[in-house]
2 protein chains.
Amino acid sequence: MGKRKHQFVDLNYKPRKKDLVCLFRVEPNKISIKEAAHNIALESSIGTWTPVGTQKDYVNKIGARVFHIVKKNKLIKVAYPCELFEGGNMANILSSIAGNIFGMKLLKNLRLVDIEWPKKIVDSFPGPRHGIKGVRKILGVKERPLVGTIVKPKLGLKTKDHAKVAYDAWVGGCDIVKDDENLSSQNFNPFKKRLKETLKMRDRAERKTGEKKVYMINVTAETSEMVKRAKMVEKAGGRYIMVDILTVGFSGLQTLRKNTKLVIHGHRAMHAALTRNKKHGVSMMVLADVSRLVGVDQLHIGTIVGKMEGGFKEIKNLSYEMKKQKIKESSNKLKQNWRKIKPVFAVSSGGLHPGHIPYLIENLGKDIIIQAGGGVNGHPSGSIAGGRAMRQAVDAHLANKDLKEYSKNHDELKQAIDEWGYTKPNAKK
Amino acid sequence: MGKRKHQFVDLNYKPRKKDLVCLFRVEPNKISIKEAAHNIALESSIGTWTPVGTQKDYVNKIGARVFHIVKKNKLIKVAYPCELFEGGNMANILSSIAGNIFGMKLLKNLRLVDIEWPKKIVDSFPGPRHGIKGVRKILGVKERPLVGTIVKPKLGLKTKDHAKVAYDAWVGGCDIVKDDENLSSQNFNPFKKRLKETLKMRDRAERKTGEKKVYMINVTAETSEMVKRAKMVEKAGGRYIMVDILTVGFSGLQTLRKNTKLVIHGHRAMHAALTRNKKHGVSMMVLADVSRLVGVDQLHIGTIVGKMEGGFKEIKNLSYEMKKQKIKESSNKLKQNWRKIKPVFAVSSGGLHPGHIPYLIENLGKDIIIQAGGGVNGHPSGSIAGGRAMRQAVDAHLANKDLKEYSKNHDELKQAIDEWGYTKPNAKK
């Protein structure tokens, strides 16, 4: 250590199959990008700020190596021998590659853009239990996008009223009803009672419509309580749980995945605190990769057209990454072989309404779950009409019909478009 | 809802004792700060982007209220009735006040600066089991700052070599030896073996020095594995564990707190991805508050003078917040009554060496743990000398002696200062 200048940089190095590769965007603080890159690789693997007498030759072999620097766009690639990590321990892996380095004074900004996970690490995680195919099987829906709602108002409804909103949305046509991210087990609507009442309504809605319906109840809590709630859902005949993956954290998420057979829907509340500033922090692509490895079956990836930030290209890439097994390398993206890890159902949610549906299907494909909370429960004729309008919008687009034309014979869709407008499928990005 | 314009803003509202109050810094995106504030309070409590027919009058009572807007410094205060939250469920609370709102298109940037936790929420968390007093009791050190090291190189050392580094540092004078944040149970140094070998060395160092010594072994992992490792530590006669609170996540941390009687040292790897950009994300003050409530006994707060970012005022405020029971309101800070929640021992670590010690004690007080990894193990005469130099620096400053003067009769300290320099206690901030 500390003998050769920039010894963690080796631009002739070719990453091996067992290396984990990170793509970083780096803004150095008054030093060269090479110096910055060296220090990132050092701090995130085996080194520290000063040479140490306790260093051993056998340690140097597993040091990280910067093997690619593009000064112009500030991108560097670092290869980490997988011996550095404990397989199956996501927190441990992130503590190296997404840990101290964000705080180094030598850097102004640091962005972890993407990760290529090697075979050994990929195989150490379970991935989704159900994935896209499993979810489609449960719902008996082969090809069309799934539609859902979030019970609104997001907090405060009493249990009976909550269950009634769910019922109406299902009967109207929603496949899925979801709790909001901040509903867990508050006094106004406690978990156990909500589970019972809402599943009762689900059964009623299934009988009424002849369709399968699912309720994604929010189990977000301290880990053992969360697992306990998931068990309650299994026992009560539920098929799904939802969890706030970032406020819970990855160790809790791993534990939940291990302890339930239910479909896991991952909500990403808090992600934008980490992901929004494109110069610093962790990209949503990295969080999506982590979620796929740990094993959520569904994950929010953004809306493009809704109330939340997230650009067209970013969300299209996320949707692709989640559903494919092999990803090719491109300028801003590392390659990936997902091996046996199942695809994750991408979810668009946040400020959506029926008028957005053709645009979302056209741009993100049919393997998408489209959720509208206000866009169903704020329908001028109520939640049943809101659910109908969602399905009508899907039907119209899948039948290659213009939404406005189609709405002339479909009142609920017409009302929705009159209220909130319509984004054409080919609207500019 | 949606009847009155900006109905979530009420500048005449006086927060009640049972309100949780958030201080946000807001950069609106082409709207007024009032409009932005209204939307933040709405999205983080009971509302959504469009009025919903499912709204009930009884729900409106628990809506959040913006009661303070200072346009000049972009600060707003929002009061949340504590009925909105599930007590004792940190993930649930954060999913409201630190969740979706960071991603709203209506905002350019949003920073959660501080939180005032009401009695009901404070009392729903256990806080540290040991706190500053408990830690001092275990170590038998009444007043002086504690000093420690981190075994270096941070990854790659075999178990025997790891334990030897620890032994030397203890014998030299360190109270504490800590694993690095990215060491958990890799093949080169598996957890169980490391625990056994290092505690054996601890016992030997205690016999040799007549002082109490502690080993902070890193249990960071999937939650049930983490709890299992903590139990192993208890059984093996360890007194401490350490955990990466952010890569593990708060639900896992809560579970760990519930399931161990050991002292918990909280490492904050990844925090700077959330905290570094002062315009966006979550402040370290908020993360520190959360950690105190959930119940870590020790927490990294920064170094001012070391290799990691973090300004003088920020770190001084953090140190104050961690050790006091009542905090007064100031321009950038909400008041807080910590009630029965014990104080947390603040830890400075990251690029430190003996020459920094007088400055740190002078500015952060005696209730501080000063850790030097490279600054002990990189000592020109090795880790024993490194440990000695740390204690000599503490002794010198507590005896009101200038470090350079003192070092004339203390070789190890002199060597350290010659190698790395010396920051005067009154150096400018």
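**Figure 1. Contact between chain B and chain A.** In this predicted model, 96 residues of chain B are in contact with 96 residues of chain A, contact being heavy atoms within 4.5 Å. The area buried between the two chains is about 7500 Å², and carbon and sulfur atoms give 53% of that area. Buried area is the accessible area (1.4 Å probe) that two parts lose on being put together, summed over both. On the chain B side, B:Trp49, B:Lys105 and B:Met270 lose the most area to chain A, together 9% of what that side buries.

**Figure 2. Open sheet of chain B.** Five strands of chain B form an open sheet in the order 2-3-1-4-10, with mixed pairing. Strands (E, at least two residues) and helices (H or I, at least four) are DSSP runs, numbered from the N terminus, and two strands pair if DSSP finds at least two bridges between them. Strand 2 (65–70) and strand 10 (281–282) of chain B are the edge strands, each pairing on one side only. Strand 2 and strand 3 (residues 75–81) of chain B run antiparallel and are joined by five bridges. B:His68 stands opposite B:Lys77 in strand 3 of chain B. Helix 12 (residues 284–294) of chain B packs on the sheet and touches strand 4 (107–116) and strand 10 of chain B. The direction of helix 12 makes about 40° with that of strand 4 of chain B; axes are lines fitted to C-alpha atoms, for helices over the stretch in contact, and angles run from 0 to 180 degrees between N-to-C directions.

**Figure 3. Helix 14 and helix 16 of chain A.** The axes of helix 14 (residues 357–364) and helix 16 (residues 383–398) of chain A come within 9 Å and cross at roughly 50°. The two helices of chain A are therefore oblique to each other; angles under 35 degrees count as roughly parallel, over 145 as roughly antiparallel, 65 to 115 as roughly perpendicular and the rest as oblique. A:Ile357, A:Pro358, A:Ile361 and A:Glu362 in helix 14 of chain A meet A:Met390, A:Ala393, A:Val394, A:His397 and A:Leu398 in helix 16 of chain A.

**Figure 4. Helix 14 and helix 16 of chain B.** In chain B, the axes of helix 14 (residues 357–364) and helix 16 (residues 383–398) cross at roughly 50° and come within 9 Å. Helix 14 and helix 16 of chain B are therefore oblique to each other.

**Notes.** Residues are numbered from 1 along each chain as its sequence is written, and chains are lettered from A and ligands numbered from 1 in the order in which they are written. Local features of this predicted model need pLDDT of at least 70, side-chain atom pairs count only at pLDDT 80 or more, and totals for chains, interfaces and linings use all residues; side-chain values use heavy atoms, with hydrogens and water left out.
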